Amino acid sequence: MINMNDLLKVDHLKTGFESDYGTIVSVDDVSFRMKSGETLAIVGESGSGKSVTALSMMRLLGTGSRIMGGQVLFEGKDLLKLNDQEMCDIRGNQMSMIFQEPMTSLNPVLTIGYQMCESIMIHLKQSKKEAWASAVEMLKKVGLPRPEAIMKEYPFALSGGMRQRVMIAMAMSCRPKVLIADEPTTALDVTVQAQIMKLMKELCEESGTAILLITHDLGVVAEMADRVLVMYAGQVVEEADVFTLFEDPKHPYTQGLLKSIPRLDSDDDAELESIPGAVPARYESIQGCRFYNRCPYATEKCHAEMPLLTVTGKDHFTRCWEAQRIEGGVEEVAYE
Amino acid sequence: MLKYVIRRLLIAIPVLLGVTIINFIIMKMAPGNPVDMLISPQIPAEALEAKRIELGLNAPAYVQFWNWFTHLLQGDLGYSMVTYEPVGKMIMSRMGPTLLLMGVSLIIGVAIAIPLGILSARRQYSKLDYAAVTGSFLGISIPNFFLGLGLIYVFSIWLKILPSSGMVTLGGNGGFVDILLHMIMPVIVLTANVAGRNIRYVRSSMLEVLEQDYLRTARAKGLKETLVINRHAVRNALIPIVTVLGMEIPILFGGAVVIEQIFSWPGIGQLTMSSIMSRDYSTIMGLNLMAAVIVIGANLLTDIVYALVDPRIKYNK
């Protein structure tokens with residue numbers, strides 16, 4: 001069912017890495033959709049496949065990894081079927097991306113101006129002069145002081161926060177329809193984090209850009225997101241709008257995550273909850289639920305059979321046998 | 001930057017002095033002297049003694065060094081003890097052929113190494129990569145004299161298409177084509193060496209750069225792969241190569257000694273060899289000083305070029 005409102009639809013995406021032990025599937029059957037202007041957050045711990053999902057969508061995976069199946073439909077076009085030239089026309093233009101590491105994401109031997117103008121000249125077909133002016137304009141928008149001078153600087157002269165602002169300016173310079181932000185503030189100072197998030201949100205609202213925000217910070221999710229996708233061991237385990245998710249999480253993993261946020265209003269001697277255990281290694285060989293070994297509600301069924309992502313409420317999907325039982329066994333499979 | 005260069009040049013003075021003193025000591029410790037090398041049954045002992053006094057070899061060693069050094073300060077490298085030509089003039093006349101040989105080999109070697117190293121890194125573990133790495137290994141490990149003699153056997157003795165020695169045909173009137181034909185084999189040997197060494201450097205430097213985050217950023221901006229490589233990767237990969245190329249100049253001067261001997265190329269290397277064999281003290285000292293100047297100069301040049309290609313490096317002092 002293709003909904004015309006969908007700007008982006010990821011359908012049964014599966015990505016794996018070649019290793020000495022064979023192919024390791026790190027993104028397994030991930031599906032979601034985004035409307036234009038919407039902010040979708042993907043939450044999960046390290047190794048849950050969030051970043052690989054984003055890189056697969058942009059087709060920026062490194063050597064040794066490959067997309068094994070699924071579709072990434074952007075305005076109805078399957079990005080995975082485009083040739084290299086068509087993909088280059090979309091990257092940085094209609095879909096752009098910001099990365100986790102601002103310190104290493106800019107080329108050390110090229111000036112900020114050069115790196116800014118490059119994509120503007122390619123995508124918007126502007127002359128060098130026009131591109132320079134637009135780049136200065138963008139640097140102003142991201143709140144960098146003395147933008148003209150910064151254009152002539154090399155990245156080493158800027159701090160991490162400033163570099164991330166440059167990255168945002170670069171990503172937003174062609175007014176993309178989708179901005180993928182892969183943990184954009186993880187490497188930054190806490191005080192700078194909030195500023196960067198706010199800036200991203202404002203710029204995207206102004207240009208109607210949808211944000212795919214990848215993070216493990218639930219505080220950021222609550223602040224920014226419209227909808228949330230919780231990933232665990234390469235799979236989506238729960239999807240809901242942000243209010244529902246925080247008020248009524250269905251999956252025991254999501255519940256655990258929410259309980260493990262430290263709260264300012266809790267008692268001084270209250271112990272911070274945590275989810276026991278760790279993400280299983282080589283999880284693609286697990287037959288049952290991948291959260292089985294850490295789940296407080298685990299049953300025989302969970303061990304034997306993998307739950308599907310099923311409807312557990314209005315626009316609320318959960319991959320859990322227990323949640324299904326409580327919700328009265330709604331067996332409708334999401335996105336099928 | 002200018003201040004930095006001046007400071008480096010000033011530091012070079014004590015270094016050069018130290019190098020010449022050490023050279024002098026080692027040279028004096030070697031058995032024999034220019035006069036001993038002339039010994040033959042026909043020459044009477046008195047004549048040899050007269051010769052020693054004439055060349056100043058009977059004076060204490062430090063006096064000999066002091067004489068040489070004071071002349072050097074006046075820009076005079078002295079006279080050869082064997083040919084009686086001024087050492088400065090001898091070195092200058094041999095410099096041209098050596099620079100020709102080395103310059104051409106360096107340019108061709110680098111012109112092969114950089115593109116091949118880059119290509120090899122981009123297609124790591126491909127057939128081309130294996131071929132390039134193997135070729136580079138052969139280039140490094142085959143000794144110059146062996147490759148030189150092999151080439152002479154094939155092209156001069158067997159196929160008879162290339163001259164085996166010299167820079168021009170004896171009795172001929174030289175000319176561009178003649179010199180070119182004489183150059184082919186020594187250049188092949190030196191180029192094999194230069195390319196062999198540098199393919200590996202370029203390849204490993206490029207492999208490192210290909211892993212960098214900023215290349216992913218460049219791709220995410222929608223740049224075509226050729227632009228990503230040529231604009232964003234290659235410049236970064238070549239920064240460490242600058243250092244390696246700087247070291248290449250002294251290495252080539254060393255290599256010239258062997259190669260010029262094999263191909264009788266009338267350059268610095270041959271002069272070095274013959275002056276050592278005849279214990280021509282003044283010429284040896286002159287050549288050593290030249291070698292030290294080249295090493296120091298190449299290092300300084302490397303540092304200057306480094307600052308030009310890498311914006312992160314600035315010399316303030």
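Select both chains first: the contact between them takes 24 residues from chain A and 18 residues from chain B, two residues being in contact if their C-beta atoms, placed from the backbone, lie within 7 Å. The model is a predicted one, in which local features need pLDDT of at least 70, side-chain atom pairs count only at pLDDT 80 or more, and totals for chains, interfaces and linings use all residues. Residues are numbered from 1 along each chain as its sequence is written, while chains are lettered from A and ligands numbered from 1 in the order in which they are written.

**The side of chain A that touches chain B**

Colour helix H2 (84-90), E6 and H3 of chain A, each of which supplies at least two residues of the side that touches chain B. Helices (H or I, at least four residues) and strands (E, at least two) are DSSP runs, numbered from the N terminus. H3(A) gives the most to this side, with four residues. By type, the residues of the side of chain A that touches chain B are 12 nonpolar, eight polar and four charged. Here Ala, Val, Leu, Ile, Met, Phe, Trp, Tyr, Cys and Pro count as nonpolar, Asp, Glu, Lys and Arg as charged, and the others, Gly among them, as polar.

**Pro108 of chain A**

Next, select Pro108(A), in the loop between E6 and helix H3 (112-123) of chain A. Leaving aside neighbours within four places in sequence, Pro108(A) is in contact with Tyr154(A), Pro155(A) and Phe156(A), and also with Asn236(B) and Arg312(B). With 17 other C-beta atoms within 10 Å, Pro108(A) is partly exposed; a residue is buried if 20 or more other C-beta atoms lie within 10 Å of its own, exposed if 12 or fewer, and partly exposed in between, with C-beta atoms placed from the backbone. A distance to display is that from the C-alpha atom of Pro108(A) to that of Arg59(A), 49 residues apart along the chain: 24 Å.

**The sheet of chain A**

Now show the strands of chain A, where an open sheet of eight strands has the order E6-E7-E8-E3-E9-E10-E12-E11, with mixed pairing. Two strands pair if DSSP finds at least two bridges between them. E6 and strand E11 (310-313) stand at the edges, each with a single partner strand, so one side of each is left without a neighbour in the sheet. From one strand to the next, the twist averages 25°.

Begin with strand E6 (residues 95-98) of chain A, which pairs with E7(A) in the parallel sense over four bridges. To trace these bridges, select Ser96(A) with its partner Leu179(A), Met97(A) with Ile180(A), and Ile98(A) with Ala181(A). Met95(A) and Met97(A) point one way from E6(A), Ser96(A) and Ile98(A) point the other way, and all are buried.

Move on to strand E7 (residues 178-182) of chain A: five of its five residues are buried, so the strand is largely enclosed by the rest of the structure. Val178(A), Ile180(A) and Asp182(A) point one way from E7(A), and Leu179(A) and Ala181(A) the other way. In a regular strand the side chains alternate between the two faces of the sheet.

On to strand E8 (residues 210-215) of chain A, which runs parallel to E7(A) and is joined to it by five bridges. One of the bridge pairs is Val178(A) with Ala210(A) in E8(A). The chain passes from E7(A) to E8(A) through helix H7 (residues 190-207), in a β-α-β crossover that is right-handed: with the strands pointing away from the viewer, the path from the first strand over the helix to the second runs clockwise.

Axes are lines fitted to C-alpha atoms, for helices over the stretch in contact, and angles run from 0 to 180 degrees between N-to-C directions.

**Chain B**

Finally, turn to chain B, whose secondary structure comes to 11 helices and zero strands. Its C-alpha trace spans about 85 × 60 × 35 Å along its principal axes, and buried residues make up 32% of its 317 residues.

Select helix H4 (residues 87-122) and helix H10 (residues 268-277) of chain B, whose axes come within 7 Å and cross at roughly 135°. That makes H4(B) oblique to H10(B), since angles under 35 degrees count as roughly parallel, over 145 as roughly antiparallel, 65 to 115 as roughly perpendicular and the rest as oblique. At this contact, Met90(B), Arg94(B), Met95(B) and Thr98(B) in H4(B) meet Ile268(B), Gly269(B) and Leu271(B) in H10(B).
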